[in-house]
Amino acid sequence: MVERGTFIAFEGGEGTGKSTQARLLVAALAERGFDVVATREPGGTPGAEAIRTLLLAPPGDGWYPRAEALLFAAARSDHVDRLILPALERGAWVISDRFVDSSRAYQGGAGGLGDETIVALHQLGSGGVRPDCTVLVDVDAGTVSARLAQRDGGDSDAIGGRDAAYHAQVAASFRALAQGDPGAFRVVDGNGTPEEVHSRVLQALGHMLEPAA
Ligand code: TYD
């Protein structure tokens with residue numbers, strides 16, 4: 001019987017550098033010869049990518065909070081059933097740029113729906129599947145605004161473009177989630193160069209990498 005693979009999600013607010021860190025981890029695992037699948041949310045399958053477009057460039061006046069949360073949960077359901085679970089079943093590593101903890105921080109925390117609602121939606125949509133480890137990339141608020149000004153040049157999507165209070169609430173929610181469940185999260189200091197942060201990520205995941213290496 002093939003041993004189940006390992007599922008790692010990168011989380012954090014906008015401009016924390018988590019996408020770069022997800023890519024660097026994928027490259028490091030591939031270099032060690034592992035079967036590794038790089039994916040992202042919202043997205044990862046054709047259906048979920050179509051929902052991504054609806055979420056980030058919404059038609060009309062945009063979504064109310066409950067519809068937004070349902071769309072994220074629907075995209076995740078397709079992603080979990082068609083990509084994540086089959087990859088884990090064949091023994092692969094799955095590295096996802098965002099997963100359910102984004103819904104908990106954005107829709108549940110900043111969006112005001114509450115954690116219980118998001119957890120219930122996730123149970124319904126995806127059987128409550130959790131990463132083996134969620135890496136929360138945590139960066140100073142000042143550094144984030146400087147990076148975002150450079151990256152988006154004031155041209156962000158429907159959720160990234162929400163006001164500073166919303167994003168401060170997202171960051172606070174992520175920290176609270178990590179503090180409340182230290183077994184599920186590793187918090188990594190995202191200040192510094194991508195290489196510096198990458199070595200912190202490897203260190204944080206050392207307990208999972210070693211037996212396989
Ligand atoms: P993306 O361009 O991937 O942003 P980033 O580079 O910051 O990850 O867009 C994803 C946006 O969707 C981002 O603003 C976070 C938001 N989001 C949620 O609000 N809830 C979720 O469950 C997920 C997965 C993402």
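This is a predicted model: local features need pLDDT of at least 70, side-chain atom pairs count only at pLDDT 80 or more; totals for chains, interfaces and linings use all residues.
Local features need pLDDT of at least 70 and side-chain atom pairs 80 or more, while totals for chains, interfaces and linings use all residues. Residues are numbered from 1 along each chain as its sequence is written, and side-chain values use heavy atoms, with hydrogens and water left out.

**View 1. Helix 3 has a kink.** Helices here are DSSP runs of H or I with at least four residues, strands are E runs of at least two, and both are numbered from the N terminus. Helix 3 covers residues 65-89, and its end C-alpha atoms are 34 Å apart, which agrees with the 36 Å you'd expect for 25 residues at 1.5 Å a residue (the expected span is 1.5 Å times one less than the number of residues). The kink is about 45°, centred on valine 80; the bend is the angle between axes fitted to the seven residues ending there and the seven starting there. Just after the helix, glycine 91 takes a positive phi of about 95°.

**View 2. The largest nonpolar core has 22 residues.** A nonpolar core is a set of buried Ala, Val, Leu, Ile, Met, Phe, Trp, Tyr and Cys residues joined through side-chain atoms within 4.5 Å, and buried means under 20% relative accessible area with a 1.4 Å probe, protein chains only. Phe10, Trp93 and Leu205 are among the residues with the most contacts inside this core. Elements giving two or more residues include strand 1 (6-11) and helix 8 (194-204). Helix 1 gives the largest share, four residues.

**View 3. A second, separate core has 19 residues.** Among them are Ala75, Ile159, Val170 and Leu177.

Key
Buried means under 20% relative accessible area, exposed over 50%, partly exposed in between (1.4 Å probe, protein chains only).
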